[in-house]
Amino acid sequence: MRFLIIIPAHNEENNLPFTLDSLQQQSFKEFKAVIVNDGSTDNTAEVIRKYTDLDPRFETVDLQKSAHQPGSKVVNAFKNGLKTQDLNEFDIICKFDSDVIFPENYLEKIEESFRSNPNFGLVGGLLYVEKNGNWVYEGNSNKHHVRGPLKAYRKESYLQMNGIRETLGWDNIDSVLLQNLGWKEVVLSELHVKLIKVKGADYTIKPAEYYGKYFYFLGLNRFLAYIASFKEAVKIRSVSFFFTIIRAYEKCRAGKLELKISEEEQKVINRQRWQMLKKKWLKI
């Protein structure tokens, strides 16, 4: 099976070499990596050139700088890289970040997993961050969810769900849609991927406002959005946090901001969320 790896990069001159070096050192060699330089103003272009000049498996795409919006920016860059390639030549489509370090057997184990399990639609490892000199599990999601920096899709599953969406919450929307289509999302917990910097560190949006927008663009109805907001507020024991989330959510609803998912897909997401709520919190 052959990999197509798309790596969006914006001002990543310090981190990108670690990612590309780890790809060059992979035991599995059948891949093409397209690095999308998304309007970088540092030396990211020069870093990329060092690889494209010496290794034919590496290519680049240059974009003008796009607005830095959580979710949509990185997906837009990814899709611009994807459309430069003939998907008929590949079996696995990857969206990788430009600040991760893969173990040498990463692609090998992902390929083996897809090849041995025809119902696997999305596969990835686990993210680890450095704390006090040790690499520890990031813990930003459950261990059964493939995080955004590590997405590897079977081409058929990616096409069947009509690709990933340029929106906040895209890396949860894909999981729900794939599950609804009968594909499995699988985390290979033995694959530890080092995350060089903490995700979201560059976002200036306030956390409560972020959640409100996230719940809206995820397509949650008002009832589920309020439940989700309550859960987040309970975590930090803040009543004001709850109301700030709700205001952000309602502002999006009032503005009728465009969703990147269809009405039918919204129903699928809400149904899945309701099932999770009943199982985990209501014990039904």
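Colleague: How are the rings of Phe-3 and Phe-28 arranged?

Modeller: Their centres are 5.5 Å apart and their planes are at 70°, so that pair is edge-to-face. The pair links distant parts of the chain, with Phe-3 in strand E1 and Phe-28 in the loop between H1 and E2, 25 residues apart. Helices (H or I, at least four residues) and strands (E, at least two) are DSSP runs, numbered from the N terminus.

Colleague: Are Phe-3 and Phe-28 buried or exposed?

Modeller: Phe-3 and Phe-28 are both buried. Buried means under 20% relative accessible area, exposed over 50%, partly exposed in between (1.4 Å probe, protein chains only).

Colleague: And what about Phe-96 and Tyr-106?

Modeller: Phe-96 and Tyr-106 are also an edge-to-face pair, with 6.2 Å centre to centre and 75° between the planes. Phe-96 sits in strand E4 (residues 92-96) and Tyr-106 in helix H4 (residues 106-116), so the pair ties together parts 10 residues apart in sequence. Phe-96 is buried at 0% relative accessible area, and Tyr-106 is buried at 0% too.

Colleague: Which residues do ring pairs link into a cluster?

Modeller: That cluster is made of Tyr-216, Phe-217, Tyr-226, Phe-242, Phe-243 and Tyr-249.

Colleague: Before we go on, what ground rules sit behind these values?

Modeller: This is a predicted model: local features need pLDDT of at least 70, side-chain atom pairs count only at pLDDT 80 or more, and totals for chains, interfaces and linings use all residues. Residues are numbered from 1 along each chain as its sequence is written, and side-chain values use heavy atoms, with hydrogens and water left out.

Colleague: OK, strands. How many residues of E2 are buried?

Modeller: 8 of the 8, so E2 is largely enclosed by the rest of the structure. Phe-31, Ala-33, Ile-35 and Asn-37 are buried on one side, and Lys-32, Val-34, Val-36 and Asp-38 on the other. In a regular strand the side chains alternate between the two faces of the sheet.

Colleague: What does E2 pair with?

Modeller: E1 and E2 run parallel and are joined by 7 bridges, with Ile-5 opposite Ala-33. E2 and E3 are parallel as well, with 6 bridges, and Asp-38 has Leu-63 in E3 as its bridge partner. Two strands pair if DSSP finds at least two bridges between them.

Colleague: Which way do the crossovers go?

Modeller: E1, H1 and E2 make a right-handed β-α-β unit, and E2, H2 and E3 make a right-handed one too. Right-handed means that, with the strands pointing away from the viewer, the path from the first strand over the helix to the second runs clockwise.

Colleague: Which residues of H2 are buried?

Modeller: In helix H2 (residues 44-52), they are Thr-44, Val-47, Ile-48 and Tyr-51. They cover an arc of only 95° around the axis, which puts them on the same side of H2; the arc is that of the directions from the helix axis to the C-beta atoms. Their cover includes strand E1 (3-9), helix H1 (16-24), strand E2 (31-38) and strand E3 (58-63).

Colleague: Back to Lys-32. How buried is that lysine?

Modeller: Lys-32 has 14% relative accessibility, so it counts as buried. Its side chain makes a 3.1 Å polar contact with the side chain of Glu-59. A polar contact is a pair of N or O atoms within 3.5 Å; within protein, one must be able to donate a hydrogen and the other to accept it, and residues adjacent in sequence count only if both atoms are side-chain atoms.

Colleague: And where is Ser-40?

Modeller: Ser-40 is in the loop between E2 and H2, and is buried at 18% relative accessibility.

Colleague: Last one: which phi does Asn-132 have?

Modeller: Asn-132 has a positive phi of about 55°, although it is not a glycine. Most residues other than glycine have a negative phi. Asn-132 is exposed, with a relative accessible area of 81%.

Methods. Contact = heavy atoms within 4.5 Å. Phe/Tyr/Trp six-rings, centres within 6.5 Å; stacked < 30°, edge-to-face > 60°.
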